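Subject: Structure for you to look at

Hi,

Here is the structure I promised to pass on.

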Amino acid sequence: MAGKATQGVTAVASAVAESGHSMTTRTHAHTASAETRHSYVTHLTEDGGDRRFIQQQVGHECDSSTAIYTHVSDDFMNTALHKALPPAFAGV
């Protein structure tokens, strides 16, 4: 089920990028709710989206502003940690 949601968000992100629009609430008449922005950023992050692309899509100047919208699932966080920790401790 989550895979379908992520695929849907990825498809929306691609369509938005191709159209030249973004999810920013400051520059477009059609504004996105905070919940929509959170979901959009979270799904793009979990799908491996480029952080700079995501930042531009929501109209943030600073990466730290975009990080506030990111609430990844426990499964995603555990997978990311399992990938990152072995290389980090390889030389110990």
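Predicted model: local features only at pLDDT ≥ 70, side-chain atom pairs only at ≥ 80, totals over all residues.

The protein chain has an average pLDDT of 74, and 64% of its residues reach at least 70. Among the elements, helix α3 (residues 51-57) comes out highest with a mean of 89, while helix α1 (residues 2-19) is lowest at 61. Then there's the stretch at residues 25-30, where pLDDT stays under 50. The model has 7 contacts beyond four places in sequence for that stretch.

Next, the charged pairs. Searching the whole structure gives 1 salt bridge. The partners are R51 and D63, and their closest N and O atoms sit 2.0 Å apart. R51 belongs to helix α3 and D63 to helix α4 (residues 63-67), so the pair ties together parts that are 12 residues apart in sequence. How exposed are the two partners? R51 is exposed, with a relative accessible area of 53%, whereas D63 is partly exposed at 29%.

Finally, the inside. Which residues make up the largest nonpolar core? There are 6 of them: Y40, V41, L44, I54, V58 and Y69. Helix α2 (residues 34-46) gives the most to this core, namely 3 residues.

Cheers

Terms used
Residues numbered from 1 in each chain as written. Heavy atoms only, no water. pLDDT = per-residue confidence, 0-100. Helix = DSSP H or I, 4+ residues; strand = E, 2+ residues; numbered from the N terminus. Contact = heavy atoms within 4.5 Å. Salt bridge = Lys/Arg side-chain N within 4 Å of Asp/Glu carboxyl O. Buried < 20%, exposed > 50% of the residue type's maximum accessible area, 1.4 Å probe, protein only. Core = buried A, V, L, I, M, F, W, Y, C linked by side-chain atoms within 4.5 Å.
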